[in-house]
Number of protein chains: 2
Amino acid sequence: MRKKIISARKFIKPSFSYLVEKKRDGGEFSDEEIRFIVDSILDEEMPKFQQAAFAMAVYFQGMSAQETATFAEEMMLSGEVIDLTKITRPKIDKYSTGGVGDKTTLVLAPLAAACGVVMPTMNGVDEEHVISNLDKLSSIPGFNPVLDLKGFHSQLKKVGCTFIQQDPEIAPVDTILYQMRQETGTIPSLPLITGSVLSRKLAEGAEGLVIDVKWGNGSFIKDVEQAKQLARSITRVGRSMKRRCVALVTDMNQPLGDTVGTALEIKEAIQLLKGEGPEDLQELVLKLGMEIVRLAGVAGSTLSAKQTVQRHLKDGSALQKFKDMIEAQGGDSSVIDDPDKFPLAKHVRKLPAPKRGYVHTINAGLIAEGVAKLAKKKNGTFDPAVGVSEIKKVGTQVKQGEPLMMIHYNDEAKMEEALEYLKTAYRLAPKRPNPPELIVERVA
Amino acid sequence: MRKKIISARKFIKPSFSYLVEKKRDGGEFSDEEIRFIVDSILDEEMPKFQQAAFAMAVYFQGMSAQETATFAEEMMLSGEVIDLTKITRPKIDKYSTGGVGDKTTLVLAPLAAACGVVMPTMNGVDEEHVISNLDKLSSIPGFNPVLDLKGFHSQLKKVGCTFIQQDPEIAPVDTILYQMRQETGTIPSLPLITGSVLSRKLAEGAEGLVIDVKWGNGSFIKDVEQAKQLARSITRVGRSMKRRCVALVTDMNQPLGDTVGTALEIKEAIQLLKGEGPEDLQELVLKLGMEIVRLAGVAGSTLSAKQTVQRHLKDGSALQKFKDMIEAQGGDSSVIDDPDKFPLAKHVRKLPAPKRGYVHTINAGLIAEGVAKLAKKKNGTFDPAVGVSEIKKVGTQVKQGEPLMMIHYNDEAKMEEALEYLKTAYRLAPKRPNPPELIVERVA
């Protein structure tokens, strides 16, 4: 499985504590040293506590572009690297650092497929932000999120897109490290994120990658400069790994669109696939879609990219691809034409505005936590029916008592718990604020 | 066993990853949080990999004096805290960060005892610098380095000093953390060292502590400013724990004395106990001894401290205490009067000076490594007979071919291996260098 790069000159294995000390002191690892670390994690030779010390040292001392590229490459090579060369269409993947109410990948994958671009997406560990795309799709009866690599390949060939759990054969060292990082405060390290994303995404067989780096109170990146740095880091390292990469730095200081939940979000995604739906999401789908078709070479100019994307939304072909994908994965696609078939919550109530004014800020993170309280079952799955809708966005004027959002719920106690988060998420002010800029920067 | 401090107000247990992130971001732990960390390590609830991330975060972000004091106190309370109040004499302990050729503790413990000061010394993990004091004493036939706490107490009462392995009941959390730190590059953290030293030393029942912080190429502290900082950190935190503390910052840029080895060092210690031996060691024994008797209140002034120390060396009472201690621990003290009884190496050869000149620098660390190569047996113990003697110190003029030191060895192959280190340790220069200052700073 593991494709080793054979090194001609002799490499004397260093001790793990030497390597930790080297990074602690700001040293730069050689390619051999990084390969040795990745191999040792794969072979279970490097103890987890030394991995943790290594990760924390990297958090403080960083890694150079060269180190990060080698790290990404070696983690990619720690498992299966999917060969999609037999599929002749262009293959572009999309990665988002994750956001609250973000349905863009659900829309972009079938949209790209409709435009003739294959999108070999697997849902990795870090893309599970409270409610993942797969959680959302599981509200569709019969939908199966697991495919083996053969099934993955054949669905990509036939349909052009997939929504599946990341295969355990993909970048297994990243999976090991990611779990450890989640418990050791070492998630927010730019080189570690870069290595993680690229190792997984490039193992999925894409020739290019469109990245959506979100910053704000609903992202794990709270600082716009950090988001820009991550965008630059991923695109630079991606290019050094010979892949085309474009990143957009986008706003996550309020939920995307009007809904947060499971079935509620799928319904919104269906609107978007028809070229309808909330403005912010329409714009983000358009901009990311344009990057995908340009990177794929399907469209040469900005204008033609825009036309290509808009045409495939309006003519129903993107929505048809979404249905095809659902059917290919065993789901009942009739819900797409008849969204009333989605499970409905027993109760809907408003979150009333406590006073008149303008929505000044929304803490998207608190909204996500509130919805999680509402939806999470004891067994860890999510109630597909519940969530929030008709979210009043930043800059909207409200009267006292007017709904800031509608809360869909099945359980009174969970609703009360959720309410604490949802209430706290809103700040009203007498003056109209400047709404946050949706697309902050493009990095290519 | 564990003496918990009961907190009146409620403390909600944080997650370990929250604590790691707090320190990563430069936060200051509350007393409760530090207590929780120490308790969780003792109860094996905090996984080792999160301990490692915590330690690396402390390495980069430090701890305040308050945090460090609480950390030391809680680690001390994680095990047995020895009550020596029934011994009415003053109780002063000595701690050294460790150095090559350092025999001072071997001399100071019986010297202090002769002066009426009890020295409740246990040899902790971090005092094992290649060849520990206990390794050296094991060259005395019959010597037993293990005493239980009852035996420790009664020997202190009777003799006034001990040389034993640290009891496993002493600061067990420090033992756990120390082992982890050795493998994760987190030894050289001032607050972690401070917490480690004070938790162990103060659990041994001393009322005061004299600390020898060594800096240089034979110490793990390579930078004199760092050594000064550590001296200040230990004394400040020690005082906040209501113990008298004095630290000397001393030179470790060449071996101390003329010998490095096992029996060879014991023989040198015997000379020192007679008020003889190499000048540097005589001075260091005098200065540290003076600090001990002054801290104990046995001597009021510098002059009287000096006289007290010198008298007990000259009148044979310090040497007698050394014999008493050896006998109390089952050893054959007749070797003290007849040092020829110590095992002798089969061969002695010189390390010749490759050219004429002055000894400009000696890398004490390389000398220690060379002697370890010479002495270390496959089973991990040390050949008591081997080592180096007649070490030419920095500033000494040598002719070409004149011995830089004498090498005592039993095994030709080991000698050849050792020679590489010993040779490399010396740098000769045409001009006489300024010899390094033995005592750099006193911190009280």
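Begin by selecting E225(A), K228(A), R232(A) and E441(A), which in this predicted model are linked in a network of salt bridges. Over all chains, the count of salt bridges comes to 43, and the next stops take up individual pairs.

Staying in chain A, select E265(A) together with K136(A), whose side chains meet in a salt bridge with an N to O distance of 2.8 Å. E265(A) belongs to helix α11 (residues 263–273) of chain A and K136(A) to helix α6 (residues 133–137) of chain A, so the pair ties together parts that lie 129 residues apart in sequence. If you colour by accessibility, E265(A) counts as buried because its relative accessibility is 2%, and K136(A), with a relative accessible area of 3%, is buried as well.

Now move to chain B and select E265(B) and K136(B), where a salt bridge again joins the two side chains at 2.8 Å, N to O. Here E265(B) sits in helix α11 (residues 263–273) of chain B and K136(B) in helix α6 (residues 133–137) of chain B, and the pair links distant parts of the chain that are 129 residues apart. The relative accessible area of E265(B) is 2%, so this residue is buried; that of K136(B) is 3%, which places K136(B) in the buried class too.

Remaining in chain B, select K23(B) and E67(B), which form a salt bridge in which the closest N and O atoms are 3.0 Å apart. The two residues are 44 residues apart and link distant parts of the chain, with K23(B) in helix α1 (residues 16–24) of chain B and E67(B) in helix α4 (residues 65–77) of chain B. Both K23(B) and E67(B) are buried.

The crossing in which α4(B) passes α10(B) is right-handed.

Sorted by class, the contact of α4(B) with α10(B) has three nonpolar, two polar and one charged residues.

Technical notes. Residues numbered from 1 in each chain as written. Chains lettered and ligands numbered in written order. Predicted model: local features only at pLDDT ≥ 70, side-chain atom pairs only at ≥ 80, totals over all residues. Heavy atoms only, no water. Salt bridge = Lys/Arg side-chain N within 4 Å of Asp/Glu carboxyl O. Helix = DSSP H or I, 4+ residues; strand = E, 2+ residues; numbered from the N terminus. Buried < 20%, exposed > 50% of the residue type's maximum accessible area, 1.4 Å probe, protein only. Left-handed = near helix turned anticlockwise from the far one by under 90°. Nonpolar A, V, L, I, M, F, W, Y, C, P; charged D, E, K, R; others polar.
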